[in-house]
Amino acid sequence: MVDTELYPDQVYDLISVIPDPEIPVITIKDLGILRAVRIEDEEYIVTITPTYTACPAMGMIEDQIKEILSERGIKKVKVELTYSPAWTTDWLSYEAKIKLKQYGIAPPNHSSCSHMFDASEKVICPRCNSKQTELISRFGSTACKALYKCNSCKETFDLFKCH
Ligand SMILES: [Zn+2]
């Protein structure tokens with residue numbers, strides 16, 4: 001057994017509050033990237049599925065996981081990245097989509113993202129709900145987002161891209 005009293009479920013709960021480094025209003029659990037915690041060879045294995053293979057935020061998330069668990073006396077932690085099945089925007093919780101919108105990011109507009117980002121699709125402005133929006137850049141503040149402009153309220157906003 002591991003030299004701690006925590007079950008994998010409890011470890012999961014402890015780290016589920018970690019905010020996404022890019023979108024601090026949603027947690028890694030909301031985002032759907034925190035997959036599971038298990039014990040293997042006296043070590044806690046945390047499984048994370050990155051949103052994008054090149055997302056630089058992963059290192060920060062890993063550091064935070066280790067920091068939180070270290071405070072609880074857990075030193076034997078391994079963060080495992082898994083790319084299969086690949087993360088999709090379907091894994092965003094309903095709550096996460098509401099939070100994204102409140103944060104000024106348009107949530108992905110499909111319930112199922114089986115196709116790649118399509119620039120011709122109508123995106124609703126998260127601020128005023130207008131459909132009079134246009135794509136400015138396929139890449140917003142990060143590779144995971146696209147930058148849009150709303151022609152009603154004249155604001156720019158990010159779309160959390162479907163992929
Ligand atoms: Zn608007």
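**Helix α2 and onward**

Tutor: Start with α2, where Ile 61, Ile 65 and Leu 69 are buried. Keep in mind that this is a predicted model.

Student: Where do the buried residues of α2 fall, seen down the axis?
Tutor: They fall within an arc of 60°, so they line one face of the helix. An α-helix has 3.6 residues a turn, so residues three or four places apart point the same way.

Student: And which exposed residues are on the face turned away?
Tutor: Gly 59, Glu 67, Ser 70 and Glu 71 are the exposed residues carried there.

Student: What covers the buried residues of α2?
Tutor: The cover includes α1, β2 and β3.

Student: What span should α2 have?
Tutor: With 15 residues at 1.5 Å a residue, α2 should span 21 Å, and its end C-alpha atoms are 22 Å apart, which agrees. Just after α2 comes Gly 73, with a positive phi of about 85°.

Student: Ok, back up. How many helices and strands does the protein chain have?
Tutor: There are three helices and seven strands. From the N terminus on, the order is α-β-β-α-β-α-β-β-β-β.

Student: What share of the residues is buried?
Tutor: Of the 163 residues in the protein chain, 28% are buried.

Student: Which residues touch the most other members in the largest nonpolar core?
Tutor: Ala 106 and Tyr 148 do, in a core of 30 residues. Several elements each supply at least two residues of this core, among them α1, β1, α2, α3 and β6.

Student: Where does this core lie relative to domain 1 and domain 2?
Tutor: Domain 1 (8-81) and domain 2 (103-160) both give residues to the core, so it lies between them.

Student: Which residues does Ala 106 touch?
Tutor: Leaving out residues up to four places away in sequence, Ala 106 touches Val 123, Ile 124, Pro 126, Tyr 148, Phe 157, Leu 159 and Phe 160.

Student: Now the sheet. In what order do the four strands of the open sheet come?
Tutor: The order is β4-β7-β6-β5, with mixed pairing. β4 and β5 are the edge strands, as each pairs on one side only. Strands of a sheet pair through backbone hydrogen bonds, either parallel or antiparallel.

Student: In what sense do β5 and β6 pair?
Tutor: Antiparallel, over four bridges. Leu 135 has Tyr 148 in β6 as its bridge partner, and Thr 133 has Cys 150 in β6.

Student: And over how many bridges do β6 and β7 pair?
Tutor: Five, in the antiparallel sense. In this pair, Lys 149 stands opposite Thr 156 in β7.

Student: What sits between the strands in the hairpin of β6 and β7?
Tutor: Five residues, and in that hairpin Lys 154 takes a positive phi near 65°. Most residues other than glycine have a negative phi, and most peptide bonds are trans.

Student: Is Lys 154 buried or exposed?
Tutor: Lys 154 is exposed, because it has 10 other C-beta atoms within 10 Å and the cut-off for exposed is 12 or fewer.

Student: Last topic, Leu 34. Buried or exposed?
Tutor: Leu 34 is buried, because it has 21 other C-beta atoms within 10 Å and the cut-off for buried is 20 or more. Its place is in strand β1.

Student: What does Leu 34 touch?
Tutor: Not counting residues up to four places away in sequence, Leu 34 touches Ile 15, Ser 16, Ile 28, Lys 29 and Ile 48.

Student: And how many residues apart in sequence are Leu 34 and Leu 81?
Tutor: They are 47 residues apart in sequence and 9.9 Å apart in space, C-alpha to C-alpha.

Methods. Residues are numbered from 1 along each chain as its sequence is written. This is a predicted model: local features need pLDDT of at least 70, side-chain atom pairs count only at pLDDT 80 or more; totals for chains, interfaces and linings use all residues. A nonpolar core is a set of buried Ala, Val, Leu, Ile, Met, Phe, Trp, Tyr and Cys residues joined through C-beta atoms within 7 Å. Domain bounds come from an automatic or database domain assignment. Two residues are in contact if their C-beta atoms, placed from the backbone, lie within 7 Å. Two strands pair if DSSP finds at least two bridges between them. The expected span of a helix is 1.5 Å times one less than its number of residues. The arc is that of the directions from the helix axis to the C-beta atoms.
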